[in-house]
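Colleague: I have a new model on screen and would like to learn how to read it. Could you walk me through it, feature by feature?

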Amino acid sequence: MPIQQSEVLYTAVATAENGRDGRVATDDGKLDVVVNPPEEMGGSGAGTNPEQLFAAGYSACFQGALAVVARQEGADVTGSTVTAKVGIGRNDDGFGLVVEISAAIPAVDAATARSLVEKAHQVCPYSKAARGDITVTLA
């Protein structure tokens, strides 16, 4: 269920110039990067790209969700990492994304790690936003 405007705790604001071949910056100046299409898509690959930025945000958000779930379950996720791989390619509507999320959780066994990742996927705001339009695989 979508949140209401009155329930928003924080709003990030970023502005792009020249789309995939330009610059993107946040209103507070904390992020200001050159964006270029990757070489695989005919670009220079000199700057970052939207897929890298999405992967960075998704992995950080998922790590936070993993920590929340671990606290609820009494599990130790100390030293864990989350990696998001974001792919872009053509689909029937033009272009689409695919995501693979993997987590390394050294303090728990494989079955517990899998359970924590599946539960984090249910509560992570990025995972919720991706449902229905982006294929997300948990590795």
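Colleague: Let me begin with a detail: at the start of α2, which backbone nitrogen does a side-chain oxygen of D109 reach to?

Modeller: The backbone nitrogen of A111, to within 3.0 Å. Before we go on, a word on the ground rules. This is a predicted model, so local features need pLDDT of at least 70 and side-chain atom pairs count only at pLDDT 80 or more, while totals for chains, interfaces and linings use all residues. Residues are numbered from 1 along each chain as its sequence is written, and side-chain values use heavy atoms, with hydrogens and water left out.

Colleague: Thanks! How many helices and strands are there in the chain?

Modeller: Helices (H or I, at least four residues) and strands (E, at least two) are DSSP runs, numbered from the N terminus. The chain has three helices and six strands, and along the sequence they follow the pattern β-β-β-α-β-β-α-α-β. Along its principal axes, the C-alpha trace spans about 45 × 35 × 30 Å.

Colleague: How do I check the length of a helix such as α2?

Modeller: Compare its end-to-end distance with an expected span, taken as 1.5 Å times one less than its number of residues. Helix α2 covers residues 110-123, so its 14 residues should span 20 Å; the end C-alpha atoms are 20 Å apart, which agrees.

Colleague: And which residues of α2 are buried?

Modeller: Buried means under 20% relative accessible area, exposed over 50% and partly exposed in between, with a 1.4 Å probe and protein chains only. In α2 the buried residues are A113, L116, V117, A120 and H121. They cover an arc of only 140° around the axis, which puts them on the same side of α2; the arc is that of the directions from the helix axis to the C-beta atoms.

Colleague: What does H121 touch, leaving out residues up to four places away in sequence?

Modeller: H121 touches Y58, F62, S127, R131, V136 and L138. Its relative accessible area is 12%, so H121 counts as buried. The side chains of H121 and S127 are also joined by a polar contact of 2.8 Å. A polar contact is a pair of N or O atoms within 3.5 Å; within protein, one must be able to donate a hydrogen and the other to accept it, and residues adjacent in sequence count only if both atoms are side-chain atoms.

Colleague: Now the sheet: in what order do its strands stand?

Modeller: In general, strands of a sheet pair through backbone hydrogen bonds, either parallel or antiparallel. Two strands count as paired if DSSP finds at least two bridges between them. Here three strands form an open sheet in the order β4-β5-β6, with mixed pairing. β4 (81-91) and β6 stand at the edges with a single partner strand each, so one side of each is left without a neighbour in the sheet. β4 and β5 pair in the antiparallel sense over eleven bridges, and they form a hairpin with two residues between them. β5 and β6 run parallel, joined by four bridges; V98 has T135 as its bridge partner in β6.

Colleague: Which strands does α1 lie across?

Modeller: α1 lies across β4, β5 and β6, running at about 140° to β4. Axes are lines fitted to C-alpha atoms, for helices over the stretch in contact, and angles run from 0 to 180 degrees between N-to-C directions. α2 lies across β5 and β6, at about 155° to β6.

How values were computed: Contact means heavy atoms within 4.5 Å.
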